[in-house]
Amino acid sequence: MNTAAVILAAGLSSRMGAFKPLFCLGERSLLEHCWAIFHDIGLTEIRVVVGHRAGETAAEAESLGMKWVKNSDYRAGMFSSIRCGVATLSKEVDAFFVLPVDIPLIRPATLRAILTAFSGDNDTVIYPIFAGRRGHPPLIPAALIPAILSHDGVGGLETLLGQYQGTDVAVWDEGTLMDADTPEDLQRLQRRQVRISVPTRQEADALAGLLLSEQGIAHGRLVGRVAIALAQALNGYRLDMDLLYGAALLHDVAKGQPRHEIRGAEMLSVLGLAEIAEVVASHKDLEPPNTGQLTEKEIVCLADKLISRSRRVRFEERYAEKLALFARDAGACQNIIGRRTRARALKALVEQAAARSIETILNEAGL
């Protein structure tokens, strides 16, 4: 399928106090962030619509290898820019994304999910949906280009597309709803951008809903509660609670596959969740740190040993069950005993740092 993208960067940024297309999140402008989203999934036909401060925006677009088109009527509103950009798309395009430049933190995984859902239907628009709300960017069939070009603009693109069939694709990406209309919005985007490889708890819950069974979710949530309780008991440790929760919830994302901890880490890395993936890769077995310094890896690994399916178990009970299950396999029993020894050492480190037993910590947390 030949897919294109139209980035809308012509507006006045009147409520912002800064010119949005060239405002930087980290080391990239908002326009470069939007370009990278589409470039990362292999799109080559990316159009940027410029208007206000057209020369500066066009120069930024050219530096990124993008073609641009000027909307001289940009003061008429966003739909005039949509019409201007769509008119320049090649005849070979089957479908195209439309993305305002102030929605720069869409995950490439989200675009891939939208593309997978596109069936080639000539008048079905594909929308990402997060937390029950439709977000950006929609994927619009090229067959709707004539309707866009002939539309009078009343009600904007949303009203026009509402006349056609739409398919919602559930995604775990909060960025689909995060725009920048005000300086406060930009601050929120800045905070999110520096932590983009760690999902929010709402994102982690949504991803679990897409990838795990009900039993897997129940187990992951309980491991997450235990991990958070252990972390809160470790006064003085600066542990990342969102990282802990996400890794604990998703640690068994590849359960049932050989070396599921490694396969799960690979799956999460593909989704852009490198920090979560690193913790998941270590959840099955982990040597105690030589420094004695506990991290999210150790906490999630230990928390998983305290939960069997969706119930809390005593530490020794967990390994007794495993040894009984593999009683006739000497090699497996030797491996289980090794993992138990290492987990005991992790348990001792946590109890020493918290100055109380694991059982006391979990009881205090209502677990």
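**Pockets, a cavity and helix packing**

The lining of the second largest pocket is built from 27 residues, and those nearest its centre are Asp 252, Lys 255, Arg 309, Arg 318 and Lys 322. The model is predicted. The volume of this second largest pocket is about 870 Å³. Several elements each contribute at least two lining residues, namely H9, H13, strand S11 (307-308), helix H14 (315-325) and helix H15 (330-354). H14 gives the most, with five residues. Sorted by class, the lining holds 10 charged, nine polar and eight nonpolar residues.

The largest pocket has a volume of about 1,000 Å³. Its lining comprises 41 residues, and Leu 8, Met 78, Pro 100, Ile 103 and His 136 are the closest to the centre. Two or more lining residues come from each of strand S1 (3-9), helix H3 (78-86), strand S6 (95-100), strand S8 (133-134) and helix H6 (156-161). The class count for the largest pocket is 21 nonpolar, 11 polar and nine charged residues.

A cis peptide bond links His 136 to Pro 137, with omega at about -5°. Pro 137 sits in the loop between S8 and strand S9 (139-141). Arg 53 is placed in the loop that runs between strand S4 (45-50) and helix H2 (54-63).

The search of the whole structure returned one cavity of 30 Å³ or more. The largest cavity holds about 30 Å³ of space. Its lining consists of Leu 306, Arg 312, Val 313, Arg 314, Phe 315, Ile 358, Glu 359 and Leu 362. Helix H16 (residues 358-364) gives the most to this lining, with three residues. Five of the lining residues are nonpolar and three are charged, with no polar residue.

Helix H13 (residues 296-305) packs against helix H9 (residues 214-233). Their axes lie 8 Å apart, at an angle of about 125°. On the H9 side, the contact involves His 219, Val 223, Val 226, Ala 227 and Leu 230; on the H13 side, it involves Ile 299, Leu 302, Ala 303 and Asp 304. Seven of these contact residues are nonpolar, one is polar and one is charged.

H13 also meets helix H10 (residues 241-250). The axes of H10 and H13 come within 10 Å and cross at roughly 40°. Angles under 35 degrees would count as roughly parallel. H10 and H13 are therefore oblique to each other. H10 passes H13 with right-handed geometry. Leu 243, Leu 244, Ala 247 and Ala 248 of H10 are in contact with Glu 296, Ile 299 and Val 300 of H13. This contact has six nonpolar residues and one charged residue, and no polar residue. Ile 299 of H13 meets residues of H9 and also residues of H10.

Definitions and conventions
Residues are numbered from 1 along each chain as its sequence is written. This is a predicted model: local features need pLDDT of at least 70, side-chain atom pairs count only at pLDDT 80 or more; totals for chains, interfaces and linings use all residues. Side-chain values use heavy atoms; hydrogens and water are left out. On a 1 Å grid over the protein atoms alone, a cavity is a set of points where a 1.4 Å probe fits but cannot get out, and a pocket is an open set with protein on both sides within 12 Å along at least five of seven lines; lining residues have an atom within 4 Å of a point. Grid points are joined across faces, edges and corners, and a volume is the space filled by probe spheres set on the points. Helices (H or I, at least four residues) and strands (E, at least two) are DSSP runs, numbered from the N terminus. Ala, Val, Leu, Ile, Met, Phe, Trp, Tyr, Cys and Pro count as nonpolar, Asp, Glu, Lys and Arg as charged, and the others, Gly among them, as polar. Axes are lines fitted to C-alpha atoms, for helices over the stretch in contact, and angles run from 0 to 180 degrees between N-to-C directions. Contact means heavy atoms within 4.5 Å. Angles under 35 degrees count as roughly parallel, over 145 as roughly antiparallel, 65 to 115 as roughly perpendicular and the rest as oblique. A crossing is left-handed if the near helix is turned anticlockwise from the far one by less than a right angle, and right-handed if clockwise.
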